[in-house]
Amino acid sequence: MTERRTIIIHTDGACSGNPGPGGWGAILQAGDVVQELCGGERATTNNRMELTAAIEALRALTRSSVVELHTDSTYVRDGITKWIHNWKRNGWRTAAKKPVKNAELWQQLEAECAGHEVHWKWVKGHAGHDGNERADALANQGLESAR
């Protein structure tokens, strides 16, 4: 049996207005190999871009991996590690019986996590963390491309 590789991922989302044009960025690192990804949408929200960054980063993986995914979004980290279980049990409704916002993205994120061992790490945004700062720059690049 082969050992799964470890991938370090940093993600971020950005939005100009909320809603407004937005972008997402991701950095994937496996040893010395680094891949940078970004994209944008003309009309979106910051939370959607944070989710999209994680989805696209995981989608880029070509085989089952151990992933350390760094995000400055407690919304993404808590949603995928805590809240999603109740949302699914409640038919994608919140405790207040309202539809879960961005349910289709949460479902995509859960699907992209399958087959990987994902460890979610929160980092404080705009605090000098190199990976987060670069992911932020990529998200802003994606935002500019969406204008």
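Predicted model: local features only at pLDDT ≥ 70, side-chain atom pairs only at ≥ 80, totals over all residues.
Residues are numbered from 1 along each chain as its sequence is written, and side-chain values use heavy atoms, with hydrogens and water left out.

**View 1. The open sheet has five strands in the order S3-S2-S1-S4-S5, with mixed pairing.** Strand S3 (33–44) and strand S5 (117–122) are the edge strands, each with a single partner, so one side of each has no neighbour in the sheet. On average, neighbouring strands of the sheet are turned by 20° against each other, direction ignored. Strands (E, at least two residues) and helices (H or I, at least four residues) are DSSP runs, numbered from the N terminus. Two strands pair if DSSP finds at least two bridges between them. Axes are lines fitted to C-alpha atoms, for helices over the stretch in contact, and angles run from 0 to 180 degrees between N-to-C directions.

**View 2. Strand S4 runs parallel to S1 and also pairs in the parallel sense with S5.** S1 and S4 are joined by six bridges. Between S4 (residues 65–71) and S5 there are six bridges. Leu69 stands opposite Trp120 in S5, and Thr71 has Trp122 of S5 as its bridge partner. Six of the seven residues of S4 are buried, so the strand is largely enclosed by the rest of the structure. Buried means under 20% relative accessible area, exposed over 50%, and partly exposed in between (1.4 Å probe, protein chains only).

**View 3. Ser73 lies in the loop between S4 and H2.** Its relative accessible area is 5%, so Ser73 is buried. With neighbours within four places in sequence left aside, Ser73 is in contact with Glu50 and Trp122. Contact means heavy atoms within 4.5 Å.

**View 4. Helix H1 (residues 46–59) lies across strand S1 (5–15), strand S2 (20–30), S3, S4 and S5.** The helix runs at about 155° to S1.

**View 5. Helix H2 (residues 74–89) has 16 residues and bends by about 60° at Trp83.** The bend at a residue is the angle between axes fitted to the seven residues ending there and the seven starting there. At 1.5 Å a residue, H2 should span 22 Å, and its end C-alpha atoms are 21 Å apart, which agrees. The expected span is 1.5 Å times one less than the number of residues in the helix. Tyr75, Val76, Asp78, Gly79, Ile80, Ile84 and Trp87 of H2 are buried. The buried residues of this helix pack against H1, S4, helix H3 (103–113) and S5. Just after H2, Gly91 has a positive phi of about 65°.

**View 6. One aromatic cluster is formed by Tyr75, Trp83, Trp87, Trp92 and Trp106.** The structure holds five aromatic pairs. Rings of Phe, Tyr and Trp (its six-membered ring) pair if their centres lie within 6.5 Å; planes under 30 degrees apart count as stacked, over 60 as edge-to-face and the rest as tilted.

**View 7. Helix H3 packs its buried residues against H1, H2 and S5.** These buried residues are Ala103, Leu105, Trp106, Leu109, Glu112 and Cys113. Gly115 follows H3 and has a positive phi, near 90°.

**View 8. Trp92 and Lys97 lie in the loop between H2 and H3.** Most residues other than glycine have a negative phi, and most peptide bonds are trans. Trp92 has a positive phi, near 60°, and Lys97 has a positive phi of about 70°. Trp92 counts as buried at 18% relative accessibility, whereas Lys97, at 62%, counts as exposed.

**View 9. A cis peptide bond joins Asn18 and Pro19.** Omega of this bond is about 20°. Pro19 is placed in the loop between S1 and S2.
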